[in-house]
Structure formats: C-alpha cells, structure tokens
Amino acid sequence: MSRTLFIADLHLCQQEPAITAGFLRFLQREATECEALYILGDLFESWIGDDDPNPLHQQVAEALSALTIPIWFIHGNRDFLLGKKFAARCGMQLLPEEQLLELYGHRVLIMHGDTLCTDDAGYLRFREKVHQPWLQRLFLMLPLRLRQKIAVRLRNDSQQANQTKSQQIMDVNPQAVEAVMQRYQASLLIHGHTHRPAIHRLSVGQQPAERAVLGAWHQEGSMIQLDADGVNLIAFPW
Ligand code: OKV
Ligand code: MN
C-alpha cells in the first residue's frame with residue numbers, strides 16, 4: 001500500500017502495559033501495510049542508556065525488528081539518549097532532529113517539535129545542558145543505578161516546574177514554525193511533542209502550507225498517514 005505512517009509520543013513505560021500492547025498490535029496490523037514508518041520521538045517516557053536491561057526495551061526491539069518496512073527514528077525530548085546500539089537492535093535508522101522528505105510530491109519536514117516551543121525558556125535551557133556531547137558521555141559512564149537516581153530527580157524537578165507554566169508557553173511558537181518551514185521550503189510540517197493533535201492550515205511566505213500535529217498515546221493511539229491524496233490524522237483505540 002502506498003502510504004507512509006508517522007507516530008510520536010507513545011511515552012512507553014513499564015507502568016502502562018496497555019499502551020505497549022496497543023503499540024505491538026499497531027506494528028502487526030497498520031505498520032505492515034505501509035511503505036515506511038517514522039517515529040518522531042518520545043517512543044519511550046525515559047531513556048538513560050542503551051545498556052538499561054529493562055525488559056520493555058527488549059520487547060519493543062523484537063517487535064520493531066520483525067517488520068520488513070524501513071523504520072526511521074527522530075529523538076524526542078525524553079528519549080534523546082537512545083543510541084545507535086538500541087536503534088540497530090530495533091532495525092531502525094536514526095535521523096537528525098530536522099529532516100526534509102520528498103514524498104508523493106510533497107516537501108515534508110519532520111521533527112519532534114520541542115525546538116518549536118521557543119517561549120519555554122526553562123525547557124530550552126535544560127535541553128541545551130543535556131544535549132552537550134561531553135555531559136552525555138559522562139552521564140553514560142556512570143553506573144546504571146546512579147543514572148536512575150539522577151533521572152528520577154530530574155523528572156520530579158521538571159514536573160514541579162511544569163505545574164506553573166501556562167498552556168501557551170508549552171505550545172509551538174508560530175514564528176518558529178514559519179521560520180523552519182521557510183528554511184526548508186516545506187509545504188507540510190509533521191511533528192509531535194505538544195500532545196495537541198490537529199492539522200493546521202497556514203501560509204509560509206505567500207504559499208499555503210500545513211502543520212500536522214500527532215497526538216500522544218495516553219488515551220488512544222494517534223498516527224498520521226501520508227499518501228498521494230494528502231495528509232490524514234487518525235485516532236484509534238489501543
Ligand atoms: C528525560 C526530561 C528526564 C524534559 C542527564 C546528561 C545530566 C542525560 C541525562 C537524565 C534524565 C534522560 C537522560 C528525562 C527528559 C527529564 C526531566 C525533564 C523536560 C544528564 C545527559 F545532566 F544529568 F548529566 N538524562 N533522563 N525532561 O529521565 O529520560 O524533557 S530521563
Ligand atoms: Mn516530547
């Protein structure tokens with residue numbers, strides 16, 4: 001079937017086995033009937049190293065590697081540390097944080113979406129820190145137990161900070177959207193992160209354009225299907 005699927009923000013974790021089960025079902029059904037699958041970040045709720053022996057990771061790697069279609073992965077703000085080793089175990093290929101695709105006659109820009117939330121200065125500061133290669137290398141050299149402790153601490157701090165942030169701060173900045181689409185001359189942007197599934201019409205320069213936002217999998221599944229007819233946002237029970 002000539003269609004490409006996009007998903008993001010599953011936030012898989014051991015505490016939510018129903019979402020994992022839904023994802024495995026999605027892989028067996030939908031994902032076998034498409035040309036390629038793009039995972040646009042936050043597949044996992046947290047990631048502290050490819051050496052984490054979490055059985056959930058093994059389960060996901062097995063299910064993904066069973067697919068015959070190409071699988072592409074862009075890091076999210078939660079699983080940004082997911083590395084080449086785990087990607088190889090899944091049979092998926094890592095992409096840079098912004099990637100332009102030419103699909104079915106569309107110029108499609110894909111990304112996780114966190115870098116579009118430019119009003120959230122606190123988050124951008126956190127991002128800059130934990131994206132420093134030397135700090136990542138240092139973190140990954142720590143014993144797993146210590147990494148786990150640090151991660152729990154950072155997640156608690158972040159949860160407290162988010163309680164005092166407005167909804168608008170945590171959405172995309174319209175100028176940032178227009179700028180990045182202009183830079184890539186993209187007519188369609190697909191991203192996740194904000195958990196506000198929708199297809200927005202906008203103009204970039206003078207040209208009509210679209211921004212398709214994936215939903216999180218907290219209550220139901222969410223995917224975007226792209227084919228020759230255009231872009232479709234689909235919710236489904238998991
Ligand atoms: C992921 C987020 C925790 C947001 C830590 C260096 C440092 C990496 C890390 C630890 C935390 C990812 C890897 C996690 C995302 C949070 C809290 C807020 C807003 C270091 C490199 F600094 F400690 F050396 N981490 N984990 N947050 O638990 O998956 O996205 S995480
Ligand atoms: Mn996110």
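The model is predicted: local features need pLDDT of at least 70, side-chain atom pairs count only at pLDDT 80 or more, and totals for chains, interfaces and linings use all residues. Residues are numbered from 1 along each chain as its sequence is written, ligands are numbered from 1 and chains lettered from A in the order in which they are written, and side-chain values use heavy atoms, without hydrogens and water.

Asn-77 sits in the loop between β3 (71–73) and α3 (84–90), and His-112 in the loop between β6 (106–111) and α4 (121–130), so the pair ties together parts 35 residues apart in sequence. Helices (H or I, at least four residues) and strands (E, at least two) are DSSP runs, numbered from the N terminus. Both Asn-77 and His-112 are buried (under 20% relative accessible area, 1.4 Å probe, protein chains only).

Asn-77 is also among the residues that come nearest to ligand 1, with Ser-46, Trp-47, Arg-155 and Ser-158.

| Residue | Protein atom | Distance |
|---|---|---|
| Trp-47 | backbone N or O | 2.9 Å |
| Arg-78 | backbone N or O | 3.4 Å |
| Arg-155 | side-chain N or O | 2.6 Å |

Taken alone, ligand 1 exposes 630 Å², of which the protein buries 91%. In the shell around ligand 1, α6 (144–163) gives the most, with five residues.

Definitions and conventions:
Buried < 20%, exposed > 50% of the residue type's maximum accessible area, 1.4 Å probe, protein only. Near = heavy atom within 4 Å. Polar contact = N/O pair within 3.5 Å; in protein donor to acceptor, adjacent residues only side chain to side chain. Areas by Shrake-Rupley, 256 points an atom, 1.4 Å probe, with all protein chains shown as cover.
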